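Open the model in your viewer and keep the selection panel at hand. This tour goes stop by stop, saying what to select and what is there.

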Amino acid sequence: MVLCPVIRKLVGKRVVLASASPRRQEILNSAGLRFEVVPSRFKETLDKAAFSTPYEYALETAKQKALEVANRMNKKDFRSPDVVIGADTIVSVDGQILEKPADKQHAYSMLSRLNGKEHSVFTGVAIVLCSTKDKQLETEVFEFYEETKVKFSDLSEELLWEYIHSGEPMDKAGGYGIQSLGGMLVEYVHGDFLNVVGFPLNHFCKKLVELYYPPSKDAIHHVKHDSVPSVETFEVLSDEESGSSNSTQQNVTSMLKGESAFSCGDPGSLRKKEVAQHVSGEPMANCSENVENQAPFPTILIELLDGFKASKAMFVACKLKVFDLLKGKDILKAKDVAAHINASVCGIERLLDACTALELLNKTNEGYSNTELANKFLVSDSEYSLHGFIIHANDYVWQFFTHLESAVKEGTNQNHQIFEKKAQNLFQDTFYHSRETKLRFMNAMHCIIKVTARDVATAFDLSGFRSACDLGGCTGALAHVLVQEYPDLHVTVFELPDVIENISCFQPLGQGSSRITFTPGDFFKDNIPKADLYILSRILHDWSDDKIDILLSKISDTCKPGSGLLLAEMVLDKKRRHGRSAWLQSLNMLVQTEGKERSCFEYRCLLERHGFRNVQIVQTGNWLDAILCTKC
C-alpha cells in the first residue's frame with residue numbers, strides 16, 4: 001500500500017537511499033517505496049558558518065551525500081541508479097546547529113540547551129535524477145527542506161542523565177529520538193512528526209508529484225462559445241484520467257447555465273474592469289463593478305450549514321431502499337418510485353432531485369437512475385455496500401449528535417440521554433441491548449471493514465506471521481481478507497459469544513475460510529489465544545485509558561519477543577488532506593463512548609509504554625489507518 005500514487009512511477013527504476021538511517025528506511029518502506037540502501041561516504045565537514053540559515057546547511061549536506069553515492073555507483077556498477085535520495089536532519093536552537101553528540105557529555109550539553117525551550121528540526125532532502133550519456137553520468141538535482149517546531153518540557157538533570165545513560169541519544173541529531181524514549185521529553189510538536197524522526201514523507205510525496213506530473217499542454221483547455229468569453233481551466237491529470245474531457249464539458253455546461261467563473265456568487269471571479277455577459281452579449285446589470293470591495297461569499301460555511309441536510313437526505317433514501325429499487329440500469333420516474341415504496345409523489349420527487357444534486361442519482365427525461373457510486377456503495381446487497389453503516393448512522397448516531405452540546409459541556413458520553421440510564425457496560429447496554437440493535441451494529445461494522453480491510457491487510461508485509469488473533473473481530477470480514485492475502489496465515493477471531501452466535505449471515509464461503517476460527521471470549525476478562533500477530537481493528541478508540549492499559553498489558557504479557565500488534569484506527573493528523581473524518585469521529589467518540597481518537601505521537605507513546613517498539617504508521621488514504629509494532 002502506498003501513501004501517494006506517484007510512488008508507482010518509481011516502480012522498475014533503480015532507486016537508492018543514500019543513508020544508513022533505519023528510521024528513514026522504515027518511513028520510506030511504509031510508503032510502499034522499493035529501494036536499495038547505499039550509505040553515503042560524504043564526510044559531513046561543511047563549514048556551518050558559511051551558511052546563512054541552518055536549512056541551507058542541511059540541504060547542501062543532503063545534496064552532497066546523494067551525489068557522492070550517484071557518482072560512486074556509476075563508476076562501480078554496471079547499471080547506474082535512476083534516482084538517488086539524500087537526506088540530512090539537524091536540530092537548531094538559538095541559531096546554532098546541533099547534529100549528533102560525540103559523547104555523553106556532549107549529549108548532556110545539547111539536551112541542556114533544548115531543555116524547556118522550543119527548537120527547530122530541519123531535514124534537507126535532495127532527489128537526484130540520474131542518466132548516462134556516452135558513459136558519463138548526468139544528474140539533475142531537486143531539493144527541498146522541511147521545518148518542524150518541537151518544545152521540550154522543563155526536565156530535571158536526573159531525568160536528562162537517565163535518558164543519556166539509555167544510550168539512545170548517541171546516534172540522533174540533537175541528542176534525542178522522538179519516536180522512542182526521547183518522546184517523553186517533548187511537550188509539543190508543531191509540524192510534520194516524521195520530519196523529526198528523520199524524513200518528511202508528506203513533502204517528499206508532493207515533490208514527486210511536481211517531478212512526475214508536471215503541467216502539460218493537454219492540461220490547458222480553451223473553451224469558446226459564441227459570445228461567452230474564452231476561459232482556460234487547468235487540472236493535473238493522473239495516468240488514468242488523461243484524455244478525459246468530462247471536466248471541460250462540465251465547464252461549458254456551467255457557463256451556458258450562467259454558473260461559470262462569471263457568476264456574481266463566485267468570490268474573486270470579477271475585477272473592476274471585467275464585466276460578465278449573457279449569451280446575448282448584454283452586460284449583467286446585477287453585478288457591482290466594485291466587486292473587489294465586497295466581502296467574499298462564504299461558500300464553505302454554506303456547505304457546512306447544509307451538511308446535515310445532505311446526510312439526512314442520503315440516510316432517508318437508503319432507509320426507503322431507493323437505491324435498491326434503481327440498482328443496475330433501471331430508470332424510473334418519480335411516480336413509479338413513489339408507487340413502489342408507498343410514498344407521496346411530490347415528496348419522492350424532491351428527495352430524488354436532492355440526491356441528484358448530491359451526485360448520488362442521475363436524472364434524464366426518462367427518469368432517475370443510480371450513479372456508479374450509488375450502485376457500488378449504497379445498494380444494500382452490493383459487495384462493498386455501506387448501507388448497513390448508513391442505517392446505523394441514521395437510527396443510532398444521529399440521535400447522539402442531537403446531544404452534542406451537552407457532551408461538549410459535560411465532557412462525557414450521552415448514553416443516559418438516549419437510553420435514560422447510565423451505561424454500565426458500553427456494548428451490552430448500548431449496542432447489544434436487543435437483538436435488533438446488535439445485528440444493526442454488527443452490520444455497520446461489517447460494512448466498514450469490507451471497504452477498509454484490504455488496505456489495512458496490505459499496508460505492511462505480514463507474510464512473516466503464521467498465526468493471528470483478531471481481538472473483537474466481529475463478523476470476521478478482516479480475517480477473510482487476511483487469509484486471502486497471506487496463504488500461510490491462520491486467523492482466530494476472538495469475540496463475545498452472542499456476537500459469534502449471529503455471524504452466519506455475514507460469512508462468505510470463500511477461499512481460506514478453513515483457516516479462520518471463531519473463539520468466544522471477553523478480551524478484558526478471559527485469557528486471549530496465543531498468536532504471532534494480534535489485531536485490534538477499531539477497538540482502542542472505544543475505551544477509556546484504564547481499560548486500554550488492561551488490554552494492552554494482557555497482549556504484551558502474552559506476546560513473545562518479535563510478535564506483532566496491528567491496529568486499524570483513524571489517526572488524527574492536522575496536515576492530512578482528508579483528515580476531517582478523523583476529527584469528526586473524535587467528536588463521535590465523545591458523545592457515544594468512553595474513548596477518543598489519537599494522533600501518531602499519542603499512539604507511539606501508548607504502544608511503547610506497553611513494551612512495543614518499531615512503531616510504524618501508514619495513512620492508507622482509506623477510512624482506517626494502519627499501525628504495526630513489535631514486542632521487544
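Start with arginine 72, which is buried, with a relative accessible area of 14%. A caution before going on: this is a predicted model.

An α-helix has 3.6 residues a turn, so residues three or four places apart point the same way. Is glutamate 68 buried or partly exposed? Glutamate 68 is partly exposed, at a relative accessible area of 21%. The cut-off for buried is under 20%, so glutamate 68 counts as partly exposed at 21%.

**The whole chain**

Zoom out. The protein chain has 632 residues, and 48% of them count as buried. Colour by secondary structure: the chain carries 23 helices and 20 strands. Now show the surface. Its accessible area comes to about 31,900 Å², and 51% of that belongs to carbon and sulfur atoms. Among contacts with a separation of 6 or more, 67% are between residues 24 or more positions apart.

Select residues 467-471, strand E12. Four of its five residues are buried, which leaves the strand mostly covered.

E12 and E13 run parallel and are joined by five bridges. Follow the chain from E12 to E13. The path goes through helix H19 (residues 477-485), and this β-α-β crossover is right-handed.

Cysteine 469 has its bridge partner in E15: tyrosine 534.

**Helix H19**

Seven of the nine residues of H19 are buried, so the helix is largely enclosed by the rest of the structure. Which residues of H19 are buried? They are Ala477, Leu478, Ala479, His480, Val481, Leu482 and Val483. Show their surroundings: these buried residues pack against H18, E12, E13, strand E14 (516-520) and E15.

**Salt bridges across the sequence**

Select glutamate 485 and arginine 454. Their side chains meet in a salt bridge, 2.5 Å from N to O. Glutamate 485 lies in H19 and arginine 454 in helix H18 (residues 435-457), so the pair ties together parts that are 31 residues apart in sequence. Glutamate 485 is partly exposed, at 31% relative accessibility. Arginine 454 is partly exposed too, at 35%.

Move to lysine 547 and glutamate 594. They form a salt bridge whose closest N and O atoms are 3.4 Å apart. Lysine 547 sits in helix H21 (residues 545-558), while glutamate 594 sits in the loop between helix H22 (580-592) and strand E18 (598-599), so the pair ties together parts that are 47 residues apart in sequence. Lysine 547 has a relative accessible area of 26% and is partly exposed. For glutamate 594 the value is 32%, again partly exposed.

Then select Asp94, Arg113 and Lys117. Salt bridges that share partners join these residues into one network. How many salt bridges does a search of the whole structure find? It finds 19.

**A nonpolar patch**

Select Ile300, Leu301 and Leu304, which make a nonpolar surface patch of about 320 Å². Leucine 301 is found in helix H8 (residues 299-305). Leucine 301 is partly exposed, with a relative accessible area of 49%.

**Last stop: serine 369**

Hide the surface. Select serine 369, in strand E11 (residues 367-370). Is serine 369 buried or exposed? Serine 369 is buried, with a relative accessible area of 14%. Show what surrounds this residue: leaving out residues up to four places away in sequence, serine 369 touches Leu326, Asp330, Ile331, Leu361 and Asn362.

Terms used
Residues are numbered from 1 along each chain as its sequence is written. This is a predicted model: local features need pLDDT of at least 70, side-chain atom pairs count only at pLDDT 80 or more; totals for chains, interfaces and linings use all residues. Side-chain values use heavy atoms; hydrogens and water are left out. Buried means under 20% relative accessible area, exposed over 50%, partly exposed in between (1.4 Å probe, protein chains only). Helices (H or I, at least four residues) and strands (E, at least two) are DSSP runs, numbered from the N terminus. Two strands pair if DSSP finds at least two bridges between them. A crossover is right-handed if, with the strands pointing away from the viewer, the path from the first strand over the helix to the second runs clockwise. Patches are made of residues with over 30% relative accessible area and no salt bridge: like charges are joined within 9 Å, nonpolar side chains (Val, Leu, Ile, Met, Phe, Trp, Tyr) within 5 Å. Accessible areas come from the Shrake-Rupley method with a 1.4 Å probe; for residues, only the protein chains shown count as cover. A salt bridge is a side-chain nitrogen of Lys or Arg within 4 Å of a carboxyl oxygen of Asp or Glu. Contact means heavy atoms within 4.5 Å.
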